[in-house]
Amino acid sequence: MFRGERRAKILDLLDQYGRVEVDDLASRFGVGMDSIRKDLQALAKEGMCNRVYGGATRIGEKDEPPSPQPARSATQSAVPQMPSVPLSAEDAGRLAVAKRAYLEIHDGDSIFLDISRTNTFLADLIARGDKQVIVTTNMIEVLQKLSNLKHVTALGTGGYLNVQLNGFVGDTTISMLEPLLFSKAFIGASGVNLDLAAVTCNNIDSGSVKERVIHNASYKFLLADARKFQVKGLFRFASLKDFSAVVTDSKDPAVLDSLRRMGIPTYRALPL
């Protein structure tokens, strides 16, 4: 397919669905994601679409509710398969969020996974996949899952060991993170207060680490399963607007509408 034909089809998809994503288009057309990004940049320059992180929206789409996405069978097949084991409803939501977050990781990325149950599922996916990545983490369970893998360089922050959190926190951890830069950070939370646009946690030391990582990352993704929007944690460590996108399995129209009105890109979790 010639470049002009591909761009015309991208515009057709935008007309139909309101939004397109780089990874889905790359799979659909069988080209690299860099080629798709150039297509979207050219179309945006011509005023044919709005360029957003991870894809594009049709003109005027920013103030409209998200439209259903095209079938993502090719994209979903790019996510490693997990063993079929019984999961609680909460863990099923976390795994669905982790599967969508995995699509944001690419070969050569230097990423950070913080102390988060969802990040343990994301670590499982990274371990089962083949993406060549450098993973820094302050969570011991993540280190255990990613150690001794040929395609993963796993780095631990060190610092004060909080046994309850099963990870490193405190001033020493923050000082070790000070010079480190990450292409992407995946951040968990105890709760999300939509009224205050506040992202919260229940441990102030853990929150301080999250805050430092957000500052050091080029792109930061908030991993928030549906339950998090019903919980208000004790300590605010970030604003929703500090994140490049929110990845969630929430189907609550009020939640999704609030995120949209704040201008926060929202990536819907993949089905299990």
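Visitor: Why is N166 called partly exposed?

Guide: N166 has a relative accessible area of 27%. Under 20% counts as buried, over 50% as exposed and anything in between as partly exposed (1.4 Å probe, protein chains only), so N166 is partly exposed. This is a predicted model in which local features need pLDDT of at least 70 and side-chain atom pairs count only at pLDDT 80 or more, while totals for chains, interfaces and linings use all residues. Residues are numbered from 1 along each chain as its sequence is written, and side-chain values use heavy atoms, with hydrogens and water left out.

Visitor: Where is N166 found, and what is its phi?

Guide: N166 sits in the loop between β7 (160–162) and β8 (167–169). Its phi is positive, about 60°, although N166 is not a glycine. Strands are DSSP runs of E with at least two residues, helices are runs of H or I with at least four, and both are numbered from the N terminus.

Visitor: What makes A197 count as buried?

Guide: The relative accessibility of A197 is 13%, so A197 counts as buried. A197 lies in the loop between β10 (191–193) and β11 (198–201). A197 also has a positive phi, of about 55°, without being a glycine.

Visitor: How many helices and strands does the chain have, and what makes the chain as compact as a globular protein of its length?

Guide: There are 10 helices and 15 strands in the chain. The radius of gyration is 19 Å, and the globule rule gives 19 Å for 272 residues, so the chain is as compact as a globular protein of that length. The radius is taken over C-alpha atoms, and the rule is 2.2 Å times the number of residues to the power 0.38. Of the 272 residues, 52% count as buried.

Visitor: How many aromatic pairs are there, and why is the pair of F112 and F182 called tilted?

Guide: The count comes to two aromatic pairs. Rings of Phe, Tyr and Trp (its six-membered ring) pair if their centres lie within 6.5 Å; planes under 30 degrees apart are stacked, over 60 edge-to-face, and the rest tilted. The ring centres of F112 and F182 are 5.3 Å apart and their planes stand at 55°, so this pair is tilted. F112 belongs to strand β4 (residues 110–113) and F182 to strand β9 (residues 182–187), so the pair ties together parts 70 residues apart in sequence. F112 and F182 are both buried.

Visitor: What makes the pair of F186 and F221 stacked?

Guide: F186 and F221 are 5.2 Å apart, centre to centre, with 15° between the planes, and the pair is stacked. F186 in strand β9 and F221 in strand β12 (residues 217–223) are 35 residues apart, and the pair links these distant parts of the chain. Both F186 and F221 are buried.

Visitor: How do you know that F243 counts as buried?

Guide: F243 has 5% relative accessibility, so F243 counts as buried. F243 is in the loop between β13 (235–239) and β14 (245–248).

Visitor: Which residues is F243 in contact with, leaving aside its neighbours within four places in sequence?

Guide: Contact means heavy atoms within 4.5 Å. The contacts of F243 beyond those neighbours are I187, V199, I214, K220, F221, L222, F237 and A238. F243 and A185 are 58 residues apart in sequence, with C-alpha atoms 9.6 Å apart in space.
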